[in-house]
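Dear colleague,

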Amino acid sequence: IAWLFFVMNLIAFFHAYRFTHFSKDQARKTSSPEKLSTTAKIKTLLLGVKNPRPRNTRTPTFSYSTVILEGNVDLECWYIPADSAKGTVAVFHGYSGEKSGMLGQANEFHNMGYNVLLVDFMGSGGSEGNRTTLGFMEAEEVKRVYDYLIGEGEKNIILFGTSMGAVAVLTSIADFGFQPSGIILECPFGSMYKTTAARFRIMKVPVFPMAGLLVFWGGVQNGFWAFGHNPTEYALAVKCPVLMLYGAKDLNVSREEIDDIYENFKGQKILNVFPDAGHENYLLKYSNEWRKEVQFFFGTMN
């Protein structure tokens, strides 16, 4: 029993490291869990998921400038100005993503008359490092972006985050106590444990005990108590207007998690569910609906 416990912890330790540290190898990353063969699933469970460091593959089609926000880890951002701008939308990507993957949303915000600041979190794109903490340490980076925009004289700041980016926004507001003009959140997970457990369920393997061990070692390696990383509780600190978007077929984040987070928002709030969308870019299937929801939300803020 002791030997089995040791082996399980060893597997979880290496798996957690790969999950929170991107590889310098630019080979194709591991396929989605639901697409893996049985053999590939076993190999992935034993050795962990190999994630190459995300790279920006495109640049904005609109005129833009590159902004470097200095800190413990320097962040690279793209700033896209708009004529007679109504405000600025800061855009934060999801896990294993980068700012070039958010150009579709950025173009929509720009067309609506807003400046856009696209951000690479640490470990992604043009930013420094190779680590990710699924929104925990990224919270400081969200605050750094917010402070930069305040320092530039911007008074109407909207924070947009998808998946991990949405979690980072919630964590930042809870940690630092600021209130932007509004936030737009796509499919944030309810807790670190729940999102890890969902990954095991997608692969159709038992959640206990490996999900808990993975969360534990991921937190230890990165210097925080991962079981306390709980966006559902962070939502209690949000008093600004919120637009929350979710795909009903999302296997990574349950509707229960979304409802619990949404219930905890204290101010004006809107929830829209796209019936045939999963954990994905909603613009691919619901571009018109997405655009209408965002425009309506902006209208309620004015």
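**The largest cavity**

Helix H1 (2-20), helix H6 (192-202) and helix H7 (210-222) each contribute at least two residues to the lining of the largest cavity. Helices here are DSSP runs (H or I, at least four residues) and strands likewise (E, at least two), numbered from the N terminus. This is a predicted model, in which local features need pLDDT of at least 70 and side-chain atom pairs count only at pLDDT 80 or more, while totals for chains, interfaces and linings use all residues. Residues are numbered from 1 along each chain as its sequence is written, and side-chain values use heavy atoms, with hydrogens and water left out.

A cavity is a set of points, on a 1 Å grid over the protein atoms alone, where a 1.4 Å probe fits but cannot get out; lining residues have an atom within 4 Å of a point. The count comes to 1 cavity of 30 Å³ or more. The largest cavity holds about 100 Å³ of space, the volume being that filled by probe spheres set on the points, which are joined across faces, edges and corners. Its lining comprises 15 residues, with Phe19, Thr20, Met192, Leu214 and Gly218 nearest the centre. H7 gives the most, with 5 residues. By type, the lining divides into 8 nonpolar, 7 polar and no charged residues. In this scheme Ala, Val, Leu, Ile, Met, Phe, Trp, Tyr, Cys and Pro are nonpolar, Asp, Glu, Lys and Arg are charged, and the others, Gly among them, are polar.

**Salt bridges**

The model has 8 salt bridges (a side-chain nitrogen of Lys or Arg within 4 Å of a carboxyl oxygen of Asp or Glu). One of them joins Lys99 to Glu76, with the closest N and O atoms 2.6 Å apart. Lys99 lies in the loop between strand E3 (88-92) and helix H3 (103-111) and Glu76 in strand E2 (residues 75-80), so this pair ties together parts that are 23 residues apart in sequence. Both residues, Lys99 and Glu76, are buried (under 20% relative accessible area, with exposed over 50% and partly exposed in between; 1.4 Å probe, protein chains only). Glu76, Lys99 and Asp120 are linked in a network of salt bridges.

Another salt bridge pairs Asp147 with Lys143 (2.9 Å, N to O). Both lie in helix H4 (residues 138-151), 4 residues apart, about one turn of the helix. Asp147 is partly exposed because its relative accessibility is 38%, whereas Lys143, at 16%, counts as buried.

Yours sincerely

Definitions and conventions
1 Å grid on protein atoms, 1.4 Å probe; cavity = no way out; pocket = protein on both sides within 12 Å on 5 of 7 lines; lining within 4 Å.
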